[in-house]
Amino acid sequence: MHRCLIFLFTIVLCGAAEPTSKTNANLQQILKRFPAADSNRDGILTLAEAKVFQQKRREREANRPQLKPTHEDIAYGTHARHKLDLWLKESDRPTPLLVCIHGGGFRAGDKSNYHRQVNLIKRMHAAGISVASINYRFTEGGKNPLPIAMHDAARAVQFLRHNAKRFNLDKTRFAAAGSSAGACISMWLAFHDDLADADSDDPIRRESTRLIASAPSGGQPTISPVTFREWFGVKSLVEHPAMRAIYGLTGEGSIENWTPEIAERARISSPITYLTRDDPPCYQTYGSANTPVTEKTRPNEWVHHPHLGIRLKEAMDKLGIECHVQYKDGPPIKGYGGADDFLVKKLTGK
């Protein structure tokens, strides 16, 4: 599944000399991830080269083909972010549904990212599958800590099931996919017990939140720093800037005190917390190789590291649940031609 890759960098100029990858860590990281940014191929990335490369990427992104949804900005709740888009597949029978969840560190991003996922949507439609893309509330500097975003996504799934006849959907065949934060949400939905409330006065809340498959990309099975350190085998990690808001903490800087309250929020917001034998299959993808993580590894690297997927697979294997992890230079996945093929086969039962 294609992912929209966005990178931002901040350079502080000191003196008249222009920063280069020889002296600036941000430029070193950009050169490592995007060797083509070094336009003169001298092995050194200058700030000017990086700016040109970034501008070209923005222009390419703006010019990428888009596929207009069948229905856009449908409200599934009361908040301004409670909106979803639908690309419905015309069919004489109810269609399976793939629910797509955007990334952005739980503090940015938009469902419109999937308007440019033309190949994904066309692939699903060719197999008779409809597609949805949802928004959810951002953490907003700690105002909306996790698992609020997860519950928003669950509400969207319930809304779509409640309106299955309206949209010609097969409410028994829902799956989810997402990138980064959206991947974490998709796994949380896949593993969490059904949130349906049969006694609710709200008919939407009576609907099931369960899925038959998930395909997270660059996802986090846990959001606990304690578990991250344990899994990577390091004493400390460079803290991701999104962490404070995730746990409901305001302001900037590192988390000084790991309180019982924060630990509990990490527990209830981590997908792996809810893993049980009756959970659906999972196909994880990561863009990097399974290289060692150290105390100096940049947060955007370790938070999307394939070792996270490998640890989840170990846990799912013990429970006898189908799980795959695709990453750079990793072992081939038998039986599937990628995440899209996995989703098609699970959603159609073929």
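**Close-up views of a predicted model**

**View 1. The largest nonpolar core.** Leu84, Leu86, Phe106 and Leu160 touch the most other members of the largest nonpolar core, which has 64 residues. A nonpolar core is a set of buried Ala, Val, Leu, Ile, Met, Phe, Trp, Tyr and Cys residues joined through side-chain atoms within 4.5 Å. Buried means under 20% relative accessible area, exposed over 50%, and partly exposed in between (1.4 Å probe, protein chains only). A second, separate core has 21 residues, including Trp87, Leu98, Ala175 and Ala215.

This is a predicted model, in which local features need pLDDT of at least 70 and side-chain atom pairs count only at pLDDT 80 or more, while totals for chains, interfaces and linings use all residues. Residues are numbered from 1 along each chain as its sequence is written, and side-chain values use heavy atoms, with hydrogens and water left out.

**View 2. Surroundings of Leu86.** Apart from neighbours within four places in sequence, Leu86 is in contact with Pro69, Thr70, His71, Ile74, Leu97, Val131, Ala132, Leu160 and Phe167. Contact means heavy atoms within 4.5 Å.

**View 3. Helix 6.** Helix 6 spans residues 181–191 and is mostly covered, with 11 of its 11 residues buried. Among them are Cys184, Met187, Trp188 and Phe191. Helices (H or I, at least four residues) and strands (E, at least two) are DSSP runs, numbered from the N terminus.

**View 4. Residues between helix 3 and helix 12.** Leu120, Arg123 and Met124 in helix 3 meet Asp340, Asp341, Leu343 and Val344 in helix 12.
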